[in-house]
Amino acid sequence: MDRIASRAGRRAACLLLALALAAGLLCGCAAGRSPAQPTARSMPEATAPQDPGSGANEWFASFTRELFVNSLQSNGLTLNYTLADPDAWGISREIVEPLGVFSPEGWLEDQRAIREELDWLRGFDRDTLSPGQKLTWDVLEYYLTRQDEYSGMELHGDLLGSMYGLHTSLPITLAEFRFGCAGDIELYLALLKDFPRCFDEVALFEEYRAKAGYFMGDEQLNALLAFCREDAGEAVGALLRESFADRLARLDWLGPDDAAAYTRRSEELIEGSVLAAYRQLADRLEPLRGSGPESPGLSQLPRGKEYFELLLRDEVGVDFDSAEAIARLMRRREELTERIQQLNEENLALPYKFSRWQPPDLTPEEILEDLRQKCAGEFPLPQQAGYQVKEVLPALQNYLSPAFYLVPPIDSPEENVIYINPAQLGDWVSLYVTLAHEGFPGHLCQSVIAAEAGLDPVRSLLGCRGYSEGWASYVEFQYAYGWAIPDNEPLAQYAAAMDELALILMADIDHAVNAAGADEDTVGNLLFAYGFDREDAHEVIQAVAEEPCSYACYALGELEFLRLRQKAEEALGDGFDPIAFHTVLLEGGEMPFPLLEARLDAWLAAQQAAK
């Protein structure tokens with residue numbers, strides 16, 4: 001049987017908003033909230049009105065615009081990935097600390113700003129707002145409340161995880177930095193120049209963690225040091241040079257002399273700032289070896305289980321605790337096990353057929369077009385669905401996910417990019433379902449349909465990983481395998497159940513390690529009980545310890561979407577329309593599940609009243 005770490009691990013693949021905003025809003029596929037997440041640093045001096053009418057709507061619109069603009073003005077990556085044309089918003093590209101703030105002073109300022117924003121938000125009379133503003137109010141209130149709960153627990157966050165750490169995600173983010181004008185190029189160069197300051201603050205953060213006993217384990221540290229000292233030169237340097245040259249070559253408004261001057265400046269900054277910062281970071285962290293807990297996982301840290309519960313509510317976006325989460329995962333695990341056993345009994349050759357199945361020879365682009373056509377009968381399609389498929393450079397393939405999707409700017413939703421990492425992918429079925437997860441009807445549809453719905457711009461900064469990864473996992477397991485293997489339904493069901501079981505097990509282990517302190521023997525026994533290799537235990541524990549609650553976002557998020565679908569089908573009976581149902585879930589944008597269920601309930605009530 002395939003190794004569980006490789007089968008389930010790719011589901012922690014989509015960097016989505018987290019990658020696009022890696023230097024400041026590290027919230028999508030990373031382990032918790034960044035201690036330096038930029039927030040609005042100042043509010044208007046006037047107080048929010050309480051009188052009903054258009055005045056309240058205007059004040060609330062002004063408030064959310066202020067939050068949006070101030071957040072973008074504090075981080076150059078966030079700005080470029082959120083808006084293609086910041087000039088239209090009157091936002092300057094000149095940012096003092098363009099990679100974001102990671103200092104202890106920044107933590108305190110962030111917490112002060114969060115409480116200030118909450119006070120402002122709760123000062124509005126929600127009942128006087130428009131329906132769209134009420135939804136924005138609800139999502140903001142949930143989000144800010146969850147962020148406020150992290151106060152005093154900043155040291156639990158890990159900025160340097162192997163898969164989603166700043167050291168590996170920043171280069172990819174910079175490689176996709178958009179050049180719409182000379183000001184964008186100048187901001188990009190300012191970001192390169194800011195590496196030493198940024199990494200110095202990250203090192204200081206890690207030194208604080210080490211003094212308090214929160215530092216990473218030696219195994220994670222060894223991989224980090226190897227990357228910074230041995231691989232960054234080739235991996236990061238090559239990526240930044242090649243991507244910069246490629247982007248400049250596509251600018252018809254840039255003359256050759258200016259292009260040459262920009263290239264010289266970029267090369268000087270890559271060598272003198274970026275790569276030097278990687279080496280400096282390694283030198284700062286090397287002396288901290290051995291200062292972390294002996295065993296990996298949040299459970300080894302003070303208040304670690306409490307922090308895991310916060311991640312569950314915040315990142316997964318649910319209103320139940322880890323005990324209920326485990327109960328739900330266990331029920332699903334039993335359902336999948338029974339399904340696999342039944343399929344095996346009905347066709348003893350299924351495992352053999354699965355291992356020997358030879359798919360058609362299709363390119364990623366052909367797969368995406370096939371997916372676009374097949375999902376049209378079940379899902380809404382975005383009006384603007386342009387995309388590019390790119391391959392991760394060989395030098396970075398060992399450090400990045402099998403695939404990931406980069407969210408386009410809200411004012412240019414057609415600029416979608418999907419990265420594929422050949423070194424981390426298996427057979428064609430894996431590529432096919434991965435592209436369903438990242439593209440149609442997964443993250444690409446989810447992101448662009450929300451953008452086209454005309455949501456308040458501040459919503460683009462408020463991600464919920466349980467929603468985003470749960471949605472992509474839902475379409476993957478419930479649809480993509482059947483589309484990938486249309487001529488053999490039992491084989492498609494078997495493949496989907498096996499892969500989902502691996503994910504559910506990883507989510508179980510995520511909790512066992514980070515909330516309950518499970519050791520290798522315990523994890524090995526659990527793996528063996530479901531047909532996986534005991535020797536995977538060490539690798540699996542390391543994976544969930546570096547990215548706590550990540551697998552829970554995928555698994556529990558999927559189960560929430562399945563629960564909502566069952567609710568809708570039971571309420572509507574023969575009148576259930578999958579396209580209408582999926583549209584309701586997508587057009588409201590990312591949100592925690594209690595709010596999504598309330599939105600669905602209102603729609604169901606309207607549907608039933610119209611009968």
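In the predicted model, Leu406 stands opposite Val417 of strand 3. Leu406 belongs to strand 2, where both faces are covered. Ala403 and Tyr405 lie on one side of the strand, Phe404 and Leu406 on the other, and all are buried. Strand 2 pairs with strand 3 in the antiparallel sense, over four bridges.

These strands are part of an open sheet of three, with the order 1-3-2 and mixed pairing. Strand 1 (387-391) and strand 2 (403-406) form the edges, each pairing on one side only. From one strand to the next, the twist averages 20 degrees. Strand 1 and strand 3 (residues 416-420) run parallel and are joined by five bridges. Within this pair, Tyr387 is set opposite Asn416 of strand 3. Helix 17 (residues 443-452) packs on the sheet. It touches strand 1, strand 2 and strand 3, and its direction makes about 10 degrees with that of strand 2.

The loop between helix 16 (428-438) and helix 17 contains Pro441. A cis peptide bond joins Phe440 to Pro441, with omega at about 0 degrees. Most peptide bonds are trans, and most residues other than glycine have a negative phi. Two non-glycine residues with positive phi are described here, Arg303 and Cys549. Phi of Arg303 is near 60 degrees. Arg303 sits in the loop between helix 11 (256-285) and helix 12 (304-316). Its relative accessibility is 42%, so Arg303 counts as partly exposed. Phi of Cys549 is near 75 degrees. The loop between helix 21 (537-546) and helix 22 holds Cys549. This residue counts as buried because its relative accessibility is 0%, and the cut-off for burial is under 20%.

Helix 17 also meets helix 23. Helix 23 (residues 578-587) is mostly covered, with seven of its ten residues buried. The buried set consists of Pro578, Phe581, His582, Thr583, Val584, Leu585 and Leu586. These residues pack against helix 17, helix 18 (465-484), helix 22 (550-572) and helix 24 (593-609). At the start of helix 23, a side-chain oxygen of Asp577 comes to within 3.1 Å of the backbone nitrogen of Ile579. Gly589 follows the helix and has a positive phi, near 80 degrees.

Elsewhere in the chain, Trp59 is placed in helix 3 (residues 54-72). Trp59 has a relative accessible area of 31% and is therefore partly exposed, a class that lies between the 20% and 50% cut-offs. Its C-alpha atom is separated by 45 Å from that of Ala245, 186 residues apart along the chain.

The chain as a whole has 24 helices and three strands. Its radius of gyration is 24 Å, close to the 25 Å that the globule rule gives for 611 residues, so the chain is as compact as a globular protein of that length. The C-alpha trace spans about 65 × 60 × 55 Å along its principal axes. Of the 611 residues, 59% are buried. Among contacts with a separation of 6 or more, 80% link residues 24 or more positions apart.

Conventions. Residues are numbered from 1 along each chain as its sequence is written. This is a predicted model: local features need pLDDT of at least 70, side-chain atom pairs count only at pLDDT 80 or more; totals for chains, interfaces and linings use all residues. Side-chain values use heavy atoms; hydrogens and water are left out. Two strands pair if DSSP finds at least two bridges between them. Helices (H or I, at least four residues) and strands (E, at least two) are DSSP runs, numbered from the N terminus. Axes are lines fitted to C-alpha atoms, for helices over the stretch in contact, and angles run from 0 to 180 degrees between N-to-C directions. Contact means heavy atoms within 4.5 Å. Buried means under 20% relative accessible area, exposed over 50%, partly exposed in between (1.4 Å probe, protein chains only). The radius of gyration is taken over C-alpha atoms; the globule rule is 2.2 Å times the number of residues to the power 0.38. A polar contact is a pair of N or O atoms within 3.5 Å; within protein, one must be able to donate a hydrogen and the other to accept it, and residues adjacent in sequence count only if both atoms are side-chain atoms.
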